[in-house]
Amino acid sequence: MLKKSGKNVRKVGRTGTFIALDRLMQHIREHEFADILGMVSEMRSHRLCMVQTEEQYVFIHQCVLLMWQKKKQQSITSDVIYENASKT
């Protein structure tokens, strides 16, 4: 069993954070919801220690919030039918 303070375990946590963000970005493009805990749990069923610390979870949540805000902003922008291009 790996010790929690071991280098390999820390790398798995950081790598898991990156993988979770990548998967969530893809998911958010196609869906109107995101289950962060569910996705991390599913990842852990394949490899233990994916996303380990509170800081990593907070980082993922902050990134997901930014992704939702960007998606919402893009949908508002795409709803514009006419825009005065001669604004100065």
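The lining of the largest pocket receives its greatest contribution from α3, with 5 residues. A pocket is here an open set of points, on a 1 Å grid over the protein atoms alone, with protein on both sides within 12 Å along at least five of seven lines, and lining residues have an atom within 4 Å of a point. The model is predicted, with local features requiring pLDDT of at least 70 and side-chain atom pairs counting only at pLDDT 80 or more, whereas totals for chains, interfaces and linings use all residues. Residues are numbered from 1 along each chain as its sequence is written, and side-chain values use heavy atoms, with hydrogens and water left out.

The chain comprises 3 helices and 0 strands, in the order α-α-α from the N terminus. Helices (H or I, at least four residues) and strands (E, at least two) are DSSP runs numbered from the N terminus. Of the 88 residues in the chain, 26% are buried; buried denotes under 20% relative accessible area, exposed over 50%, and partly exposed the range in between (1.4 Å probe, protein chains only). Among contacts (heavy atoms within 4.5 Å) between residues at least 6 apart in sequence, 62% join residues at least 24 apart.

The volume of the largest pocket is about 200 Å³, a volume being the space filled by probe spheres set on the grid points, which are joined across faces, edges and corners. Its lining consists of M25, I28, R29, L66, M67, K70, K71 and Q74. Both α1 (7-30) and α3 supply at least two residues of this lining. By class, the lining has 4 nonpolar, 1 polar and 3 charged residues, where Ala, Val, Leu, Ile, Met, Phe, Trp, Tyr, Cys and Pro count as nonpolar, Asp, Glu, Lys and Arg as charged, and the others, Gly among them, as polar.

In α2, residues I36, M39, V40 and M43 are buried. These residues lie on the same side of α2, because they cover an arc of only 95 degrees around the axis; the arc is that of the directions from the helix axis to the C-beta atoms. L37 and S45 are exposed on the other side of α2. S41, also in α2, counts as partly exposed, at 42% relative accessibility. At the start of α2, a side-chain oxygen of D35 comes to within 2.9 Å of the backbone nitrogen of G38.

The loop between α2 (36-46) and α3 contains C49. Although C49 is not a glycine, this residue has a positive phi of about 75 degrees; C49 is partly exposed, with a relative accessible area of 31%. V51 is also placed in the loop between α2 and α3 and, although not a glycine, has a positive phi of about 60 degrees. V51 is buried, at a relative accessible area of 0%. The C-alpha atoms of S41 and V51 are 9.4 Å apart in space, and the two residues are 10 apart in sequence.

Helix α3 (residues 54-78) includes Q56. This residue counts as buried, because its relative accessible area is 12%. Apart from neighbours within four places in sequence, Q56 is in contact with G13, R14, T17 and V51.

Notes:
1 Å grid on protein atoms, 1.4 Å probe; cavity = no way out; pocket = protein on both sides within 12 Å on 5 of 7 lines; lining within 4 Å. Polar contact = N/O pair within 3.5 Å; in protein donor to acceptor, adjacent residues only side chain to side chain.
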